[in-house]
Amino acid sequence: MDIRLENLQPDCFYHIYNRGINGGKIFEEEKNYLFFMNKFLQYSKDVCNLYAYCLMPNHFHFVIKIKSYNELLKCFEEKNHKLTESGLHSIQNLPSKQFSKIFSSYTQAFNKLYNRHGALLESPFKRKKIVSERYLKNVIIYVHQNPIDIHENFKSYKFSSYLTVLSSLKTNLMRNDVIELFQSSDNFVFCHQILINVDL
């Protein structure tokens with residue numbers, strides 16, 4: 001089965017990423033980035049926890065952990081959603097469905113704002129299951145280092161979680177878990193000095 005079509009499994013970490021059609025831009029100005037993140041938080045908070053992200057002019061990356069089966073079930077029962085054993089409205093499909101809502105909602109708003117039509121993002125969105133702690137750390141570093149590709153300093157890049165991890169501002173990011181993964185904030189910074197590449 002194509003990994004891009006596999007369901008996002010409860011209690012598992014994933015690297016979620018995608019790009020614009022034909023590598024085209026998906027963010028034209030700052031307000032686009034902010035709107036996209038608002039949509040992400042709005043639709044993803046019920047199905048996953050956020051560990052890292054980076055929004056680039058023509059693509060994006062998220063490191064997330066899907067919530068447990070019981071958390072997913074409780075959340076959608078509280079919202080009076082009718083769940084089925086299989087199909088689009090099953091627990092197995094809920095996380096992917098929420099991510100599709102993020103991207104669809106953003107595309108509609110972007111198209112309206114810039115008077116364009118059609119798909120903005122490649123479909124289906126890409127996902128890679130993270131199966132080890134070492135790989136999880138490497139993916140987080142890789143995601144944060146993405147601005148290097150556009151000749152930006154990743155340590156000061158605005159549309160990434162790197163600065164958020166090191167700050168004390170209120171956040172939806174799993175900051176304490178990320179720091180614990182790297183043992184300390186100092187080691188988090190140190191580990192980011194080594195250029196990382198991961199298989200996509």
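Mentor: Before we start on this predicted model, one cut-off: a residue is called buried when its relative accessible area is under 20%, exposed when it is over 50%, and partly exposed in between.

Trainee: Okay, what makes strand S1 largely enclosed by the rest of the structure?

Mentor: Count the residues. S1 covers residues 13-19, and six of those seven are buried, so the strand is largely enclosed.

Trainee: How do you know that S1 pairs with strand S3?

Mentor: Pairing needs at least two bridges between the strands. S1 and S3 (residues 59-66) have seven, and they run antiparallel. For one of the partners, look at Asn18, which is bridged to Phe60 in S3.

Trainee: And what makes S1 and S4 a pair?

Mentor: The cut-off is again at least two bridges, and here there are five, also in the antiparallel sense. Ile16 has Arg127 of S4 as its bridge partner.

Trainee: Staying in S4, why is Lys126 called buried?

Mentor: Lys126 sits in S4, which spans residues 126-130. Its relative accessible area is 14%, and the limit is under 20%, so Lys126 counts as buried.

Trainee: What makes the link between Lys126 and Asn18 a polar contact?

Mentor: The distance between the side chains of Lys126 and Asn18 is 3.3 Å. The cut-off for a pair of N or O atoms is within 3.5 Å, one able to donate a hydrogen and the other to accept it, so the pair qualifies.

Trainee: Now Glu30 in helix H1. Why is Glu30 called partly exposed?

Mentor: Glu30 has 39% relative accessibility, which falls between 20% and 50%, so "partly exposed" is the label. By the way, Glu30 and Lys158 are 128 residues apart in sequence, yet their C-alpha atoms are 9.5 Å apart in space.

Trainee: How do you know that the length of helix H3 agrees with what it should span?

Mentor: Take 1.5 Å times one less than the number of residues. For the 21 residues of H3 (94-114) that comes to 30 Å, and the end C-alpha atoms are 30 Å apart, so the two agree.

Trainee: Last one: what is in the largest pocket's lining?

Mentor: The largest pocket holds about 300 Å³ of space. Of its 15 lining residues, Met37, Leu41, Tyr53, Thr164 and Thr171 are the closest to the centre. H1 (30-44) and strand S2 (48-56) are the elements that give two or more residues, and H1 gives the most, with five. By class, the lining has nine nonpolar, four polar and two charged residues.

Definitions and conventions
Residues numbered from 1 in each chain as written. Predicted model: local features only at pLDDT ≥ 70, side-chain atom pairs only at ≥ 80, totals over all residues. Heavy atoms only, no water. Helix = DSSP H or I, 4+ residues; strand = E, 2+ residues; numbered from the N terminus. Buried < 20%, exposed > 50% of the residue type's maximum accessible area, 1.4 Å probe, protein only. 1 Å grid on protein atoms, 1.4 Å probe; cavity = no way out; pocket = protein on both sides within 12 Å on 5 of 7 lines; lining within 4 Å. Points joined across faces, edges and corners; volume = space filled by probe spheres on them. Nonpolar A, V, L, I, M, F, W, Y, C, P; charged D, E, K, R; others polar.
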